[in-house]
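Hi,

Here is the structure I promised to pass on to you. Have a look at it first, and then read on for what I found in it.

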Amino acid sequence: MPLNVPGILVPFHLLINPRIIVPALAVKDIRQLDFHALKKAGYRGAVFDKDNCLTVPHKDTLVPELESAWKECREVFGEGNVLIVSNSAGSSQDAGGIQAEAINYHLGVPVLFHKSLKPSYSCISSIRTYFHSLRRPIIDRELVVIGDRLFTDIVMANRMESKDRREHAQNVRQLLLQTSSPKDAEKSASNLTGPGTLSVWTTGVWKKEAMAMRFGERKLLEAVQKWSKPRAGEVIDGTGGFVRELPPPSPPPKKGVLHRLIARFQLKGS
C-alpha cells in the first residue's frame, strides 16, 4: 500500500474541525442499511469502500454474507449509481486497472479510477465528475458514502457534505438576488435541495487488518464526540430510520444419516 499523504494530514484538519471524523451513521455492516428507506429519503447513489466493507482485504469477491444486501443496494439505486472507490483498486498503484476490472466483474459495479488517494479533495473531484457524467446526474447531497475507516472514508464523506453545503447556500443566495418574487425564489431553491451527503461507518471487519490504527481512530472518535459540539448543519437526527437489525445467523446444515454413521465409526476408531 502506498504512503497515503492525504490520510496522514487528517490530524491537522482535526485541529480546525475535529468532528470531520464523526459519521452520521455507524453500523456493523451493510446488512443493517435499509436502502429502500435511503432512496425514499432522497438518496440516489452510493459510494462504497472495498476492503473490509464489501470484500475480505486483498480479495475481489463479495463476502458471501452480504450477497442479499448488495443485491438490494444495486437494485434500489440502479445501474451506474453505485460506485466503488478504493485506495488500492483503481488507484495509481493498480497497474493497467487489472484489479479494478476484476472487482467490476465480481461485484457488478464500476470502480473509480483516481490518481489521488482518499480522503483528498482531488479524489472527491473525481467522484463528482463521475456522478455528474451520468444520464441523470447525481449531486453530493444525494450520495451515501460507506466505508470502514474514519480517516479516509468518513473524512472524505464529511468533506463532500461540508463543501456541498457551502455551495448550496451560495446558490440559494444567488436565486434570492436574481428572483424578484419570494415565492418564485422559494420554489427555485426547493429544486436545489437534497438530504445531504450521508457518511456511514461500518464497524465490523471481515479480516483483521491495521487493528492498532482502527483502535486509535475509535478512541479519537469517542473523545471528539464527548468533548465537541455538533457543527452547523451536521446530520445528527432522522437517520435512525435507515438502520435495521442484522439478520439472524444461518442455522448449521443438518447432518445426514451417512454423515452421522461415518462420524460414529471415526469416534470408535479413535
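Predicted model: local features only at pLDDT ≥ 70, side-chain atom pairs only at ≥ 80, totals over all residues.

Alanine 210 is partly exposed, with a relative accessible area of 38%. Alanine 210 sits in the loop between E5 and helix H9 (211–227).

Histidine 58 also has a positive phi, of about 70°, and is not a glycine either. You will find histidine 58 in the loop between strand E2 (45–48) and helix H4 (67–77). Is histidine 58 buried or exposed? Histidine 58 is exposed, as its relative accessible area is 60%.

Proline 119 belongs to the loop between helix H5 (98–107) and helix H6 (121–132).

Now to the sheet. Five strands make up an open sheet with parallel pairing, in the order E1-E5-E4-E2-E3. Strand E1 (25–27) and strand E3 (82–84) are the edge strands, each pairing on one side only. From one strand to the next, the twist averages 20°.

Strand E5 (residues 198–202) pairs with E1 in the parallel sense over three bridges. In that pairing, leucine 25 stands opposite valine 200, and valine 27 stands opposite threonine 202. E5 also pairs with strand E4 (residues 143–147), again in the parallel sense, over four bridges; here valine 145 stands opposite serine 199.

How many of the residues of E5 are buried? Five of its five residues are, so the strand counts as mostly covered. In a regular strand, side chains alternate between the two faces of the sheet. In E5, Leu198, Val200 and Thr202 point one way, Ser199 and Trp201 point the other way, and all are buried.

Best wishes

Conventions
Residues numbered from 1 in each chain as written. Heavy atoms only, no water. Pairing = 2+ DSSP bridges. Helix = DSSP H or I, 4+ residues; strand = E, 2+ residues; numbered from the N terminus. Axes fitted to C-alpha atoms, helices over the stretch in contact; angles between N-to-C directions. Buried < 20%, exposed > 50% of the residue type's maximum accessible area, 1.4 Å probe, protein only.
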